[in-house]
Amino acid sequence: MNIADRIQVLRRKSGMSQEELADRVGVSRQAVSKWESEQSTPDLERVIQLSELFDVSTDYLLRGIEPVKKEALSIRPPVIFAIVSTVMNTFGLLFGVITWYEEQTADALLPGAVFLALGLMLYAVARFAFADHREPGLYRVWWRINIWLVSFMPLSVFYNLLLGGVPAPYPQLHRGLTACCIFWLVYLGTGLLVMYRTRERR
């Protein structure tokens, strides 16, 4: 297929007659007819007009070279690591709470702690192993979500141990209303501070 064929095919796909195409690019109908019958070729200005009109590249019009299409769903490695680490942190918090609620022993915290540690390790891999990908926005979003997941269990364990209780992964309400309010203030304050520090800089 040569340039004459490509012009004709594109014109017909666009539903235009030779007269309509001629009007759009500022030439006579006879000029368009000559382009399509290989009696002449459009000059550079007309080629640019045709490429804009038909939404194709000038390379395609002149040489039939189609641009390489980008993959529609191209997921970068840092994104995959960030998603998986967030899932791991979520499981870590849930496992920590569920297993401790059933067993009420310090050992019951281990599965949740392992998942949280793995989630943080995956984040570290995404952050440093793929540093050349330049994903500051991704890492800000990661922290704005994961701060609530990774801080809850450690703060709860510290809170419960500080009050002389068992290292439960959530605050024990029977420790007193004031102490419980302090825990939630510290937890919310930590999360909001991280969210503020990782806000988008416009």
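Is tryptophan 143 buried, partly exposed or exposed, and what is its relative accessibility? Tryptophan 143 counts as partly exposed, at 27% relative accessibility. Here, buried means under 20% relative accessible area, exposed means over 50%, and partly exposed is in between, with a 1.4 Å probe and protein chains only.

A quick word on the ground rules. You're looking at a predicted model, where local features need pLDDT of at least 70 and side-chain atom pairs count only at pLDDT 80 or more, while totals for chains, interfaces and linings use all residues. Residues are numbered from 1 along each chain as its sequence is written, and side-chain values use heavy atoms, with hydrogens and water left out.

**The overall picture**

The protein chain has 10 helices and zero strands. Helices (H or I, at least four residues) and strands (E, at least two) are DSSP runs, numbered from the N terminus. The C-alpha trace spans about 95 × 30 × 30 Å along its principal axes. Its radius of gyration is 31 Å, whereas a compact globule of 202 residues would have one near 17 Å. That radius is taken over C-alpha atoms, and the globule rule is 2.2 Å times the number of residues to the power 0.38.

Of the 202 residues, 36% count as buried. The accessible surface comes to about 12800 Å², and 62% of that belongs to carbon and sulfur atoms. Those areas come from the Shrake-Rupley method with a 1.4 Å probe; for residues, only the protein chains shown count as cover. As for contacts (heavy atoms within 4.5 Å), take the ones between residues at least 6 apart in sequence: 60% of them join residues at least 24 apart.

**Rings around tryptophan 142**

A search of the whole structure turns up 16 aromatic pairs. Rings of Phe, Tyr and Trp (its six-membered ring) pair if their centres lie within 6.5 Å; planes under 30 degrees apart count as stacked, over 60 as edge-to-face and the rest as tilted. Tyrosine 123 and tryptophan 142 have ring centres 4.0 Å apart and planes at 20°, so this pair is stacked. Since tyrosine 123 belongs to helix α7 (residues 110-129) and tryptophan 142 to helix α8 (residues 136-150), the pair ties together parts that are 19 residues apart in sequence. Tryptophan 142 also forms an edge-to-face pair with tryptophan 143, at 4.9 Å centre to centre and 85° between the planes.

Threonine 86, in helix α6 (residues 77-103), comes into this picture too. Leaving aside neighbours within four places in sequence, threonine 86 is in contact with Trp142, Ile145, Asn146 and Leu149.

Here's how exposed some of the residues in this report are:

| Residue | Relative accessible area | Class |
|---|---|---|
| Tyrosine 123 | 10% | buried |
| Tryptophan 142 | 2% | buried |
| Threonine 86 | 19% | buried |
| Glutamine 104 | 42% | partly exposed |
| Aspartate 55 | 68% | exposed |

Elsewhere, ring pairs link Trp148, Phe152, Tyr159, Phe183, Trp184 and Tyr187 into a cluster. There's also a charge over a ring: the charged end of arginine 6 sits over the ring of tyrosine 60, 6.0 Å from its centre. To count, NZ of Lys or CZ of Arg must be within 6 Å of the ring centre and within 35 degrees of the ring normal.

**Helix α4 and what follows**

Now for α4, whose buried residues are Arg46, Val47, Leu50, Ser51 and Phe54. They cover an arc of only 140° around the axis, which puts them on the same side of α4. The arc is that of the directions from the helix axis to the C-beta atoms. An α-helix has 3.6 residues a turn, so residues three or four places apart point the same way. What covers the buried residues of α4 includes α1 (3-13), α2 (18-25), α3 (29-36) and α5. The face turned away from that buried side carries the exposed residues Leu44, Glu45 and Glu52.

Aspartate 55 follows α4, in the loop between α4 (44-54) and α5 (58-63). Its phi is near 55°, a positive value in a residue other than glycine.

Glutamine 104 has a positive phi of about 55° although it is not a glycine. You'll find glutamine 104 in the loop between α6 and α7.
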